[in-house]
Amino acid sequence: MAHPTQLGFQDAASPVMEELLHFHDHALMIVFLISTLVLYIIVAMVSTKLTNKYILDSQEIEIVWTVLPAVILVLIALPSLRILYLMDEINDPHLTIKAMGHQWYWSYEYTDYEDLGFDSYMIPTQDLTPGQFRLLETDHRMVVPMESPIRILVSAEDVLHSWAVPSLGVKMDAVPGRLNQTAFIASRPGVFYGQCSEICGANHSFMPIVVEAVPLEHFENWSSLMLEDA
């Protein structure tokens with residue numbers, strides 16, 4: 001859950017998001033080193049009247065400042081490509097959920113069940129109970145079992161939307177007439193909040209996403225109750 005004045009990412013709740021956090025720290029350290037080196041060179045050039053003749057014309061220095069950036073780019077590109085392929089990997093999902101974007105709410109269909117689906121609307125501010133978050137709570141949460149591969153099929157019925165939950169490392173565009181897919185594994189129980197991340201009209205800010213990860217036994221009890229109510 002994000003909080004005011006937060007500078008970093010939300011705490012990771014999936015293995016992919018943990019990898020993304022590690023890659024962010026890795027890339028940020030490289031940026032810090034480059035920035036420090038450039039700042040030192042600028043200060044040194046401005047503050048001294050001495051000139052090193054080997055800097056003005058030196059084949060060795062030219063080789064270094066050509067090869068070094070290439071090595072740095074490789075150090076950034078390799079882990080980046082690894083995570084890119086990890087995010088695209090969907091191995092034997094235990095559960096498939098279809099998320100449909102509408103103006104301005106989400107609907108979810110658990111395709112492994114015969115008749116399990118519901119619409120998820122934002123709870124108006126005046127109806128919130130103590131402890132609930134304004135603009136983030138929904139009347140029906142998307143409940144998933146923890147430590148299980150979940151496949152999300154994302155589409156839209158009207159305009160472009162985007163299904164995004166930052167702490168799970170998931171963001172997938174919902175395009176009318178097209179079915180996109182992504183996957184995640186919730187590594188711990190909890191409630192994870194997201195929002196539509198594509199400008200989709202006047203009430204774009206009012207179609208939140210709430211994913212609740214629970215133990216498998218609790219998920220089975222919940223799905224049984226939902227099927228009975230249907």
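This is a predicted model: local features need pLDDT of at least 70, side-chain atom pairs count only at pLDDT 80 or more; totals for chains, interfaces and linings use all residues.
Residues are numbered from 1 along each chain as its sequence is written, and side-chain values use heavy atoms, with hydrogens and water left out.

**Around N180**

- N180 sits in strand β8, which covers residues 180-185; strands (E, at least two residues) and helices (H or I, at least four) are DSSP runs numbered from the N terminus.
- The side chains of N180 and R178 make a polar contact of 3.0 Å. That term stands for a pair of N or O atoms within 3.5 Å; within protein, one must be able to donate a hydrogen and the other to accept it, and residues adjacent in sequence count only if both atoms are side-chain atoms.
- Leaving aside residues up to four places away in sequence, N180 touches I152, L153, V154, M172, D173 and V175, with contact meaning heavy atoms within 4.5 Å.

**Annotated regions**

- An unreviewed UniProt entry marks residues 27-51 and 63-85 as "transmembrane region"; such annotations may be inferred rather than shown by experiment, and their positions follow the numbering used here, with feature names shortened.
- Residues 27-51 are 84% helix and 0% strand, with 33 Å between the end C-alpha atoms.
- For residues 63-85 the figures are 100% helix and 0% strand, and the end C-alpha atoms are 33 Å apart.
- UniProt (unreviewed entry) also puts "domain: Cytochrome oxidase subunit II copper A binding" at residues 92-225. That stretch is 45% strand and 7% helix, and its end C-alpha atoms lie 26 Å apart.

- The chain is split into domain 1 (13-49 + 56-86) and domain 2 (93-227), with bounds from an automatic or database domain assignment.
- Seven residues of domain 1 and nine residues of domain 2 take part in the contact.
- The C-alpha centres of the two domains are 37 Å apart.
- About 540 Å² is buried between domain 1 and domain 2, with 55% of it from carbon and sulfur atoms; buried area is the accessible area (1.4 Å probe) that two parts lose on being put together, summed over both.
- On the domain 1 side, A13, S14 and M17 lose the most area to domain 2, together 74% of what that side buries.
- Three residue pairs are in polar contact between domain 1 and domain 2 (both at pLDDT 80 or more).
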